[in-house]
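Student: I have a structure open and want to go through it with you. Can we start with the overall layout and then move to details?

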Amino acid sequence: MEIKVLSSKFVKPAHDGGAGAAAAVPEYVPLSVFDRVAYQMPMTTIFCFPAPAPSTADIQKGLVAALTRYRAFAGQLGEGPDGTPAVLPNDRGACLVEAAVLDVGIADMAREPTPELLKLHPYLELDLEEVVVLQLTQFRCGSLTVGFTSNHVVADGHATSDFLVAWGRAARGLPPMDIAPVYHREELFRPRSPPLLEYDHRTREYYRPDPPAKTSAIGYDAYGASNIVIHKAHLTKDFIVALRAKASQGGVPFSRFETIVAHVWRAMTRARGAGDSGTATRDRLQPSVFLSMDDAA
């Protein structure tokens, strides 16, 4: 797959207010205690759009609107005045690369993870200060991929999902969601008094694997591809229908996606020896809060 980079720039939030404008943003957002002990890692996703794909102009317009509301995603990783690791919402912007594939169509792409897919992301081999880096890749068939990379210490999956949904809605000209970003709140992560150690967090959540060796031209050695096991599970329609009905017995109708993800999550927690409850950390916070923007997961 031959990729030609067409342009590279920073997309910054707007400062003219409007319906999508965010509330006051602090000068710096300290990382939580969890992210100070965890290692930083890029979270990458590739979104594929068949032809006719959204225009890059609409995508960039939506990105400006999303960054205006979620200002931390337009910032950098750095330090606060006291030297504490922090996110700096300084409006540096998201790094956006536009590229084109010259020799294949999107239908020719591999259906399983391969090192070649890393070409749809920019700068994965570099230690970037930017929170978000993106690559819009046009294929000769008219399809488009959006390679999205964000730093996990800035936002967890839920908060990143809020940002992506806001971006998508803005790109389609829809009004913003009524979900305001929530920044650092010290009372959320205060230790219990006296401390109570119930779980082996050190060897589970905070296990540090050896860094991969840089041996390939595109960065790391396929990100440890030799240690990755790809398993495809087929869930029949009847199984999903029965599972969804069982999950919705409490009167709350869950979607097929929510049902399957919950089922996979429970299977993962059992395999990790974490029991069958798999309670989300968000649900255990005191005081309770709906976190749509996590300065640390």
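Tutor: From the N terminus on, the elements run β-β-α-β-α-β-β-β-β-β-α-α-α. Helices (H or I, at least four residues) and strands (E, at least two) are DSSP runs, numbered from the N terminus. This is a predicted model, where local features need pLDDT of at least 70 and side-chain atom pairs count only at pLDDT 80 or more, while totals for chains, interfaces and linings use all residues. Residues are numbered from 1 along each chain as its sequence is written, and side-chain values use heavy atoms, with hydrogens and water left out.

Student: How many helices and strands does the protein have?

Tutor: The protein has five helices and eight strands.

Student: In what order do the five strands of the open sheet come?

Tutor: The order is E1-E6-E7-E8-E3, with mixed pairing. Two strands pair if DSSP finds at least two bridges between them. Strand E1 (3-11) and strand E3 (42-49) are the edge strands, each pairing on one side only. From one strand to the next, the twist averages 15°. Axes here are lines fitted to C-alpha atoms, for helices over the stretch in contact, and angles run from 0 to 180 degrees between N-to-C directions.

Student: In which sense do E1 and E6 pair?

Tutor: E1 and strand E6 (residues 94-101) are antiparallel, over eight bridges. Val-11 has Ala-94 of E6 as its bridge partner.

Student: Which strands does H2 touch?

Tutor: Helix H2 (residues 56-69) packs on the sheet and touches E1, E6, strand E7 (132-138) and strand E8 (144-151). The direction of H2 makes about 30° with that of E1. Contact means heavy atoms within 4.5 Å. Helix H3 (residues 157-171) lies across E3, E7 and E8, and runs at about 145° to E8.

Student: What span should H2 have at 1.5 Å a residue?

Tutor: The 14 residues of H2 should span 20 Å, and its end C-alpha atoms are 20 Å apart, which agrees. The expected span is 1.5 Å times one less than the number of residues. Helix H5 (residues 256-271) has 16 residues and reaches 23 Å from its first C-alpha to its last, close to the 22 Å expected. Just after H5, Gly-273 has a positive phi of about 75°.

Student: Back to H2. Which of the residues of H2 are buried?

Tutor: Among them are Ile-59, Leu-63, Ala-66 and Leu-67. Buried means under 20% relative accessible area, exposed over 50%, and partly exposed in between (1.4 Å probe, protein chains only). The cover over the buried residues of H2 includes E1, E6, E7, E8 and H3. An α-helix has 3.6 residues a turn, so residues three or four places apart point the same way.

Student: Which residues in the largest nonpolar core touch the most other members?

Tutor: Leu-67, Phe-73, Val-87, Leu-134, Phe-163 and Trp-167 do, in a core of 31 residues. H2, E6, E7, E8 and H3 each supply at least two residues of this core. A second, separate core has eight residues, including Met-1, Val-101, Val-104 and Leu-120. A nonpolar core is a set of buried Ala, Val, Leu, Ile, Met, Phe, Trp, Tyr and Cys residues joined through side-chain atoms within 4.5 Å.

Student: And what does Val-87 touch?

Tutor: Leaving out residues up to four places away in sequence, Val-87 touches Tyr-28, Val-29, Leu-31, Ala-72, Gln-76, Leu-77, Val-131 and Val-154. Leu-77 stands opposite Val-87 in E5. E4 and E5 run antiparallel and are joined by four bridges.

Student: Where is Gly-83?

Tutor: Gly-83 is in the loop between strand E4 (76-79) and strand E5 (85-88). The hairpin of E4 and E5 has five residues between the strands, and Gly-83 has a positive phi near 85° there. Gly-83 is partly exposed, with a relative accessible area of 34%.

Student: Asp-91: what is its phi?

Tutor: Phi of Asp-91 is near 60°, a positive value in a residue other than glycine. Asp-91 sits in the loop between E5 and E6 and is buried, with a relative accessible area of 12%.
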